[in-house]
Amino acid sequence: MEDILAQYTTVNPQQVQHWFKAAEVSAFPKNGGACIKYKDKQIAVFSFDRKGKWYACQNLCPHKMEMILARGMLGDEQGLAKVACPLHKKTFSLETGKNLNGDLPAIAVYPVKIENGFVYVGFND
C-alpha cells in the first residue's frame, strides 16, 4: 500500500516545475471530476463551479486503495472544499489533502491553472 501511495506527493504551487496540459475546460463536468493520467499517476481534476475554483488530487482513495476519487462528491465544510469517496464516504480536503473524518493518510493535492480554455495541473517532477 505504501509503495502505491508513495508515488503521490503534494505539490506546493510555488514549487511547480512543470505544468501538464490536461484537457480543454469543456472536457470536465461542472461541479464534478474526471481522471487524467500523468506519467504513472492517476489524477482527479475537479471543476467546482459553485466555488468558482478548480482542484486536483490523487485519484487513489487510501481507504481501500481504489482509483475512485474523480467520481467523488464535492462539498464544502466550513468554507473548505472537500471530496467524498463515492464508495466509502471518506472525505478529504481538496486544499490540503487532509482526511476530514478519520485517521487515514492525507491525499496528495496539486495546483491547477486555466489558460486559453485549457486545464493545466502542476507537478514538480
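Gln42 is in contact (heavy atoms within 4.5 Å) with Tyr8, Cys35, Ile36, Gln58, Asn59 and Met67, leaving aside its neighbours within four places in sequence. The model is predicted, and local features need pLDDT of at least 70, side-chain atom pairs count only at pLDDT 80 or more, and totals for chains, interfaces and linings use all residues. Residues are numbered from 1 along each chain as its sequence is written, while side-chain values use heavy atoms, with hydrogens and water left out.

**Gln42**
- Gln42 lies in strand S3, where strands are DSSP runs of E with at least two residues, numbered from the N terminus.
- With a relative accessibility of 27%, Gln42 counts as partly exposed, a class between buried (under 20% relative accessible area) and exposed (over 50%), using a 1.4 Å probe and protein chains only.
- The side chains of Gln42 and Asn59 are joined by a polar contact of 3.0 Å, that is, a pair of N or O atoms within 3.5 Å, of which, within protein, one must be able to donate a hydrogen and the other to accept it, and residues adjacent in sequence count only if both atoms are side-chain atoms.

**Ser47**
- Ser47 also has its place in strand S3, which covers residues 41-48, and is buried, with a relative accessible area of 2%.
- Not counting residues up to four places away in sequence, Ser47 touches several residues, including Lys53, Trp54 and Leu74.

**The sheet**
- Four strands form an open antiparallel sheet in the order S2-S3-S4-S10, and two strands pair if DSSP finds at least two bridges between them.
- Strands S2 (32-38) and S10 (109-110) stand at the edges, each with a single partner strand, so one side of each has no neighbour in the sheet.
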